[in-house]
Amino acid sequence: MQIYEELVARGLIAQVTNEEEISKMINEGRAVFYIGFDPTADSLHVGHFMALCLMKRLQMAGNKPIALLGGGTGMIGDPSGRTDMRQMMTRETIEHNIECFKKQMSKFIDFSEGKAILVNNADWLMSLNYIELLREVGAHFSVNNMLRAECYKQRMEKGLSFLEFNYMIMQSYDFYMLFQKYGCNMQFGGDDQWSNMLGGTELIRRKLNKDAHAMTITLLLNSEGKKMGKTQSGAVWLDPEKTSPYEFYQYWRNVADADVLKCIRMLTFLPLEQIDEMDKWEGSELNKAKEILAFELTKLVHGEEEAKKAEDSAKALFGGKASMDSAPVVEISPDDLTEGRIDILSVLVKAQLASSRSEARRSVEQGGITADGEKLTDVKHTFTEDELKAGILLKKGKKNFKKITMGGI
């Protein structure tokens with residue numbers, strides 16, 4: 001089975017402009033393709049994960065990826081999948097986020113000479129002359145067609161700003177520039193980007209009279225049709241400081257039975273023959289499948305050692321043997337203390353065992369919190385600096401536990 005056919009078998013491909021030509025290019029290792037990443041945060045998240053895995057798969061098959069960082073488009077904000085306008089970011093924030101993205105991407109993509117390219121669209125977008133852009137690019141876009149695009153439809157009810165309306169033109173211009181500068185002949189992206197991607201292929205056709213191609217990746221949705229990668233406390237990040245390897249592991253360990261095989265097929269690098277065998281699994285065997293999924297994805301993002309630690313921690317907890325050694329660590333800084341103490345509600349929020357003090361309060365009042373095996377029911381309970389130095393095993397419910405220690409000492 002060649003790489004394109006494998007992508008199809010894994011359920012990764014949603015839409016293509018010319019399947020015959022695209023499959024041939026990919027299978028022969030002739031695709032110079034790009035995927036864009038707007039730096040909207042200081043870490044990549046699970047939403048980017050499938051794109052990074054696709055880049056890795058295609059690079060392994062001899063194709064050349066271009067990771068495009070949106071230093072320019074990040075100044076505008078993509079309206080796709082949004083019901084409101086994105087918060088405007090400063091240039092300094094965008095540059096900081098880009099540096100964070102670069103470090104994380106290198107875990108998936110080999111950027112050694114000639115194997116991949118990392119570029120920033122600020123290099124050409126920030127110096128554009130507005131009148132020149134309108135004449136050279138704007139003339140090739142139909143407003144009627146743009147308004148029919150799915151990415152704009154859902155924003156029309158609440159109001160689509162002219163700022164956001166320009167995003168499709170900017171993304172199309174990116175493809176046009178990459179085609180000329182680096183011989184980029186293909187763009188990949190999420191299925192919600194289809195209209196923007198077609199804008200790029202059409203601009204290249206009109207301006208250069210040449211063909212370029214687009215392919216969208218199936219969005220990672222659960223069995224209820226909702227995007228995966230969100231928890232009660234927010235996004236599942238690839239940065240271990242924002243989502244610990246244990247929390248990352250637990251997210252995948254706890255996916256629904258109906259989603260586990262799909263996630264293994266789409267996200268892991270396990271052979272399809274092995275996954276096909278798992279398709280027959282049911283009942284308790286699905287728990288084993290979830291452990292495989294969690295381990296494989298944690299290994300991809302955080303390395304095998306951290307994946308093993310997370311697996312051991314989860315098994316220790318599941319077996320009722322949670323210990324200080326197996327617990328993910330949360331450090332309390334001296335600045336968090338008031339007169340040498342910190343209250344339980346603050347600790348729960350700090351440890352991300354609760355998203356707010358009110359949620360933390362409910363958890364304590366309902367008897368869902370234990371510290372070193374003792375149930376806590378007093379919302380005014382505090383921990384001393386000495387207790388923190390010794391370490392406290394804090395547990396919420398049956399599956400969430402953290403080792404609370406004193407940092408900065």
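This is a predicted model: local features need pLDDT of at least 70, side-chain atom pairs count only at pLDDT 80 or more; totals for chains, interfaces and linings use all residues.
Strands of a sheet pair through backbone hydrogen bonds, either parallel or antiparallel. Here, 5 strands form an open sheet with mixed pairing. Their order is β9-β15-β14-β11-β12. Strands β9 (329-332) and β12 (374-375) are the edges, and each of them pairs on one side only. Both senses of pairing can be followed at β15. Strand β9 runs parallel to β15, and 4 bridges join the two. Within this pair, Val-330 stands opposite Ile-404 of β15. Strand β14 (residues 392-396) pairs with β15 (residues 400-406) in the antiparallel sense, over 5 bridges. There, Lys-395 stands opposite Phe-401 of β15. The edge strand β9 also has two faces. Val-330 and Ile-332 make up the covered face. Val-329 and Glu-331 make up the uncovered one.

Helix α18 (residues 357-365) has buried residues of its own. These are Glu-359, Ala-360, Ser-363 and Val-364. They span an arc of only 140 degrees around the axis, so they lie on the same side of α18. Their cover includes α17 (344-350), β11 (369-371) and β14. Two of these elements, β11 and β14, also belong to the open sheet. Just after α18 comes Gly-367, which takes a positive phi of about 75 degrees.

His-213 lies in strand β6 (residues 213-217). Its relative accessibility is 9%, under the 20% limit, and therefore His-213 counts as buried.

Charged side chains were examined next. Side chains of opposite charge can pair when their charged atoms come close. The whole structure holds 23 salt bridges. One of them joins the side chains of Asp-279 and Arg-265, at 2.6 Å from N to O. Asp-279 lies in the loop between α14 (272-278) and α15 (285-302), while Arg-265 lies in helix α13 (residues 257-267), so the pair ties together parts 14 residues apart in sequence. Asp-279 is partly exposed, with a relative accessible area of 42%. Arg-265, at 15% relative accessibility, counts as buried.

Lys-280 forms a salt bridge with Glu-277, and their closest N and O atoms are 3.4 Å apart. Lys-280 is exposed, with a relative accessible area of 58%. Glu-277 is partly exposed at 46%.

A further salt bridge links Glu-311 and Lys-308, with the closest N and O atoms 3.9 Å apart. Both residues lie in helix α16 (residues 304-318). They are 3 residues apart, about one turn of the helix. Glu-311 counts as buried at 13% relative accessibility, whereas Lys-308 is partly exposed at 40%. Elsewhere, salt bridges that share partners join Glu-202, Arg-205 and Arg-206 into one network.

The surface also carries a nonpolar patch of about 440 Å². Tyr-130, Ile-131, Leu-134 and Phe-162 make this patch. Helix α6 (residues 130-136) supplies the largest share, 3 residues. Tyr-130 is found in α6. This tyrosine is partly exposed, with a relative accessible area of 45%. Patch residues need over 30% relative accessible area, so Tyr-130 passes that cut-off.

Conventions: Residues are numbered from 1 along each chain as its sequence is written. Side-chain values use heavy atoms; hydrogens and water are left out. Patches are made of residues with over 30% relative accessible area and no salt bridge: like charges are joined within 9 Å, nonpolar side chains (Val, Leu, Ile, Met, Phe, Trp, Tyr) within 5 Å. Accessible areas come from the Shrake-Rupley method with a 1.4 Å probe; for residues, only the protein chains shown count as cover. A salt bridge is a side-chain nitrogen of Lys or Arg within 4 Å of a carboxyl oxygen of Asp or Glu. Buried means under 20% relative accessible area, exposed over 50%, partly exposed in between (1.4 Å probe, protein chains only). Two strands pair if DSSP finds at least two bridges between them. The arc is that of the directions from the helix axis to the C-beta atoms. Contact means heavy atoms within 4.5 Å.
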